[in-house]
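Here is a short report on one model.

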Amino acid sequence: MIIKGEFVDAYSALPLGDFYLRYQGRRYIATRTESEDGKRGWFYAHEMGGNDHISFNFYRLSNSNRLKPCEMPVEKVVDFILGLAVE
C-alpha cells in the first residue's frame, strides 16, 4: 500500500533499535531497524504480558513510500503507529 503524510512522519520519528512504548494503555517492546541506505525499514512490537503484536516492512522508494504489513490489516498498523507513545 502506498503511504504518506502523517504515518511517514510518525514512523520516521521512532527511535532505531529496541524501545518501550504504550498503545491504548498497554505496554509493548518494539524494535525498529533500517537498511544502511535508509530505503528499507522493519518494525516489530510485542505486547508485554499479552498476545498482540505489530509487524511490517516499510519501503522508501524514489516516487512513493510503501507499507507492507505482515499478516495483518494496514489499518491496524496505521492506527498503532499514529496512536503509540514512546516511553
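## Basis

Contact means heavy atoms within 4.5 Å. This is a predicted model: local features need pLDDT of at least 70, side-chain atom pairs count only at pLDDT 80 or more, and totals for chains, interfaces and linings use all residues. Residues are numbered from 1 along each chain as its sequence is written, and side-chain values use heavy atoms, with hydrogens and water left out.

Helices (H or I, at least four residues) and strands (E, at least two) are DSSP runs, numbered from the N terminus.

## Ile81 and the core

Ile81 is in contact with Phe7, Ala10, Tyr11, Leu14, Phe43 and Phe56, leaving aside neighbours within four places in sequence. Ile81 also belongs to the largest nonpolar core, which has 23 residues. A nonpolar core is a set of buried Ala, Val, Leu, Ile, Met, Phe, Trp, Tyr and Cys residues joined through side-chain atoms within 4.5 Å. Buried means under 20% relative accessible area, exposed over 50%, and partly exposed in between (1.4 Å probe, protein chains only).

Which residues have the most contacts inside this core? They are Phe7, Leu21, Phe43, Phe56, Phe80 and Ile81. At least two core residues come from each of α1, β2 (17-23), β3 (26-34), β4 (40-47), β5 (53-60) and α2. Helix α2 gives the largest share, five residues. In soluble globular proteins, nonpolar side chains tend to be buried together.

## How α1 packs on α2

Two packed helices are described by the angle between their axes and the distance between the axes. Helix α1 spans residues 6-13 and helix α2 spans residues 74-83. They pack at an angle of about 60°, with axes 9 Å apart. That makes α1 oblique to α2. Axes are lines fitted to C-alpha atoms, for helices over the stretch in contact, and angles run from 0 to 180 degrees between N-to-C directions. Angles under 35 degrees count as roughly parallel, over 145 as roughly antiparallel, 65 to 115 as roughly perpendicular and the rest as oblique.

From α1, Glu6, Phe7, Ala10 and Tyr11 meet Val77, Val78, Ile81 and Leu82 of α2. Seven residues of this contact are nonpolar, none is polar and one is charged. Here Ala, Val, Leu, Ile, Met, Phe, Trp, Tyr, Cys and Pro count as nonpolar, Asp, Glu, Lys and Arg as charged, and the others, Gly among them, as polar.

## Strand residues

Ile3 sits in strand β1 (residues 2-3). Ile3 is buried, at 10% relative accessible area. Beyond four places in sequence, Ile3 touches Val8, Phe58, Asn65, Arg66, Leu67 and Val78.

Arg60 lies in strand β5. Is Arg60 buried or partly exposed? Arg60 counts as partly exposed, at 21% relative accessibility. Not counting residues up to four places away in sequence, Arg60 touches Tyr11, Ser12, Arg32, Glu34, Gly38, Lys39 and Asn65.

## Loop residues

Ser35 is in the loop between β3 and β4. Ser35 is buried, with a relative accessible area of 11%. Ser35 touches Arg40 and Trp42, residues up to four places away in sequence not being counted.

Most residues other than glycine have a negative phi. Gln24, in the loop between β2 and β3, has a positive phi near 50°. Gln24 counts as exposed, at 61% relative accessibility. Glu71 lies in the loop between β6 (65-69) and α2. The phi of Glu71 is also positive, near 55°. Glu71 counts as exposed, at 83%.
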